[in-house]
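Here is a friendly walk through the pockets and charged pairs of one protein structure. Please keep the viewer open as you read.

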Amino acid sequence: MTDAAAAAVEAVLARAAPEPASLLPVLHAVQEALGHVPPEAAGAIGHRLGLSAAEVHGVVSFYHWFRTRPGGRHTVRLCRAEACQARGAGTLQAHAERRLGCGLSGTGAGGVNLEPADCLGHCACGPSVLVDGQPHARVTPERLDAILAALEEKP
Amino acid sequence: MTAPAVYVPADSTALALGADAVAAAVAAESARRGVAVRVVRNSSRGAFWLEPLVEVDGPSGRLAFGAVSAADVPGLFEAGFLAGGKHRLALGPVTAIPWLARQDRLVFARAGLDDPLSPEAYLAAGGTAGLRRALALPPAAVVSQIADAGLRGRGGAAFPAAVKWRTVLETPAARKVVVCNADEGDSGTFADRMVMEGDPFALLEGMAIAGTAVGAERGIVYVRAEYPQARAALLRAVEIATAQGWLGGDVLGSGRAFRVDIFQGAGAYVCGEETALLESLEGKRGMVRAKPPVPAVAGLHGLPTLVHNVLTLATVPAILAHGPEAHGRRGTGRSRGTQAFQLAGNVRRGGLVEAPFGLSLRELVEGFGGGTESGRPIRAVQVGGPLGSWFPASQLDLPLDYESVAAAGGALGHGGVVVFDDTVDMARMARHAMAFCARESCGKCTPCRIGSTRGVELLDAIRREGPGGGRMELLRDLCATLAGASLCALGGMTPGPVLSALQHFPEDFGPRGAGGEP
């Protein structure tokens, strides 16, 4: 973990109530700041919240949302739940994997994390994706290409 | 005279279909033409097949245009849409659109009307009337209203709400908590999301009523990470409601306190199970707890905790405001009130259909839905989310109420209905159900943790080598173990989609060639 990352973790911890119930909010804030939760941060987080590093690791590894390795600059969450499958999510996933050159949970071309999602709540208009927090529905392979092309122009 | 309003929904499905670009185009085009308009970002009416659904005020109610893209906006101005001019996207008066007119909206009465974060609009549409009524009644009388309405938990378990309320009320404790389960993880469901984004004050009001009734001064909404727009709306709504005195240290001048915090989940489906959710709120892995004790006796940090789904709590203000009979006279048998059916998947006219319990599956998927969007025949419909059962096209006359669906071997769950056409491979969907359970299992009980993985392997073998070799017997045996011996509904109900797929579509369970691809 770099000094800057450690400082970011410390800044998050300084704002957190020192109790175990703060753990998920802390992990969200660390991931928000760093793009992932560094495994080396478990000790500092645990120390502040009254947990062991093992307990922190146990929580990080339980929840799909948290990633422990640095990824890309952008995140595409692709819904693969039933309602989107009924509307072509499988085809979209294959296209995304080919275009980005990575599988689900990987980081592909242009620094884009491709994450699986189980339902984004746009089930009448699938397939849907969540791109850096912005929802898109009725996403055809062509529309995904346009969304990814727009990402490349962003910092 | 104020400028005419143009309503463009800010619901996240509308956003996903380009509503922000439409709103920007309306502002730009009105400026270019020197025509003053007021762009109102309303909530969605739930007719997602028409989103972005743009509305303007007409002489006798609102006029609708849909589905509008940003490129359509100059043409709408050219056609004089502000004055109801003719345009190919014109749908006439919004309330006369048959898909909406045929619904019976109690919980979603305010959907699409106005800016969901406007306290003035909330008050004008009857907001806080339920809370005012509740504050004027003794706690036990509020619980009686919930009992008389026949309200049952809308999250999936359909447990009588008043039993929980009474238990929390009668359990002595210095502190009690109201927890809203907004971890709406079922595929094919979005009603909770619509409430949080489109009528968040109603949810907060329902929580405040519950707090008043059971003696809790603290509420927490556990909202899933996949819903960033819903979370943002709730955070803002709590701020506004607190500033309005609807929440805080002195709720509506009653001297009673009720504060609400918003908590973000982290992508674990099992946290929709109430005890796993409580563990997660305590900062732990979302591991299911053995019951008893039930959360109403010992829940969050051991405190008596009222846990309800978003829809359940959002139904409460209407029950208090209009009286329990307004809710209770709707529905059928022991399924009282309305269900927010969520029509999804391969369907022409998908969205939120609120109707009294008892609506038939055919009325829903054919009447409202208009059949498949692909134009191919309906083959299978999954009712009640990823743990719900599959029904073939021959069983569309099924009435959608808790008891009828259960009698047909399914579960209405949270009201999600997902339509598939005849290209679906049902063995693949059965495998998906087992794989989902394997991925999402909290790991506490063996049937779910190990059984789901064995189920995936078995279904792969069946798809690769066919149903012989005792594989079917083994699969049924495994399902019986999952159903009977799992700690919670995740393992317990995963056999539903597996066995119903097998029962209704046995022809799909044969060799699929080498590989058994997922």
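This is a predicted model: local features need pLDDT of at least 70, side-chain atom pairs count only at pLDDT 80 or more; totals for chains, interfaces and linings use all residues.

**The largest pocket**

- The largest pocket has a volume of about 1300 Å³.
- Its lining counts 49 residues, and those nearest the centre are Pro25(A), His28(A), Ala29(A), Arg231(B) and Gln264(B).
- By class, the lining of the largest pocket holds 22 nonpolar, 13 polar and 14 charged residues.

**The second largest pocket**

- The second largest pocket has a volume of about 1000 Å³.
- It is lined by 42 residues, with Gly155(B), Gly156(B), Ala157(B), Gly272(B) and Glu274(B) closest to the centre.
- In chain B, helix H8 (161-170), strand S9 (305-309) and helix H20 (489-493) each give two or more residues to this lining.
- S9(B) gives the most to the lining of the second largest pocket, namely five residues.
- The lining of the second largest pocket splits into 18 nonpolar, 15 polar and nine charged residues.

**Salt bridges**

- Over all chains, the structure holds 38 salt bridges.
- One of them pairs Arg193(B) with Asp11(B), whose closest N and O atoms are 3.0 Å apart.
- Arg193(B) sits in helix H9 (residues 191-198) of chain B and Asp11(B) in the loop between strand S1 (5-7) and helix H1 (12-16) of chain B, so this pair ties together parts 182 residues apart in sequence.
- Arg193(B) is buried at 1% relative accessible area, and Asp11(B) is buried at 3%.
- Arg88(B) forms a salt bridge with Asp72(B), with the closest N and O atoms 2.8 Å apart.
- Within that pair, Arg88(B) is exposed at 65% relative accessibility, whereas Asp72(B) is buried at 13%.
- Asp261(B) forms a salt bridge with Arg218(B), with 3.1 Å between the closest N and O atoms.
- Asp261(B) belongs to strand S8 of chain B and Arg218(B) to strand S7 of chain B, so the pair joins parts 43 residues apart in sequence.
- Asp261(B) is partly exposed at 38% relative accessible area, and Arg218(B) is partly exposed at 39%.
- A network of salt bridges links Arg80(A), Asp118(A), Arg439(B) and Glu440(B).

How values were computed. Residues are numbered from 1 along each chain as its sequence is written. Chains are lettered from A and ligands numbered from 1 in the order in which they are written. Side-chain values use heavy atoms; hydrogens and water are left out. On a 1 Å grid over the protein atoms alone, a cavity is a set of points where a 1.4 Å probe fits but cannot get out, and a pocket is an open set with protein on both sides within 12 Å along at least five of seven lines; lining residues have an atom within 4 Å of a point. Grid points are joined across faces, edges and corners, and a volume is the space filled by probe spheres set on the points. Ala, Val, Leu, Ile, Met, Phe, Trp, Tyr, Cys and Pro count as nonpolar, Asp, Glu, Lys and Arg as charged, and the others, Gly among them, as polar. Helices (H or I, at least four residues) and strands (E, at least two) are DSSP runs, numbered from the N terminus. A salt bridge is a side-chain nitrogen of Lys or Arg within 4 Å of a carboxyl oxygen of Asp or Glu. Buried means under 20% relative accessible area, exposed over 50%, partly exposed in between (1.4 Å probe, protein chains only).
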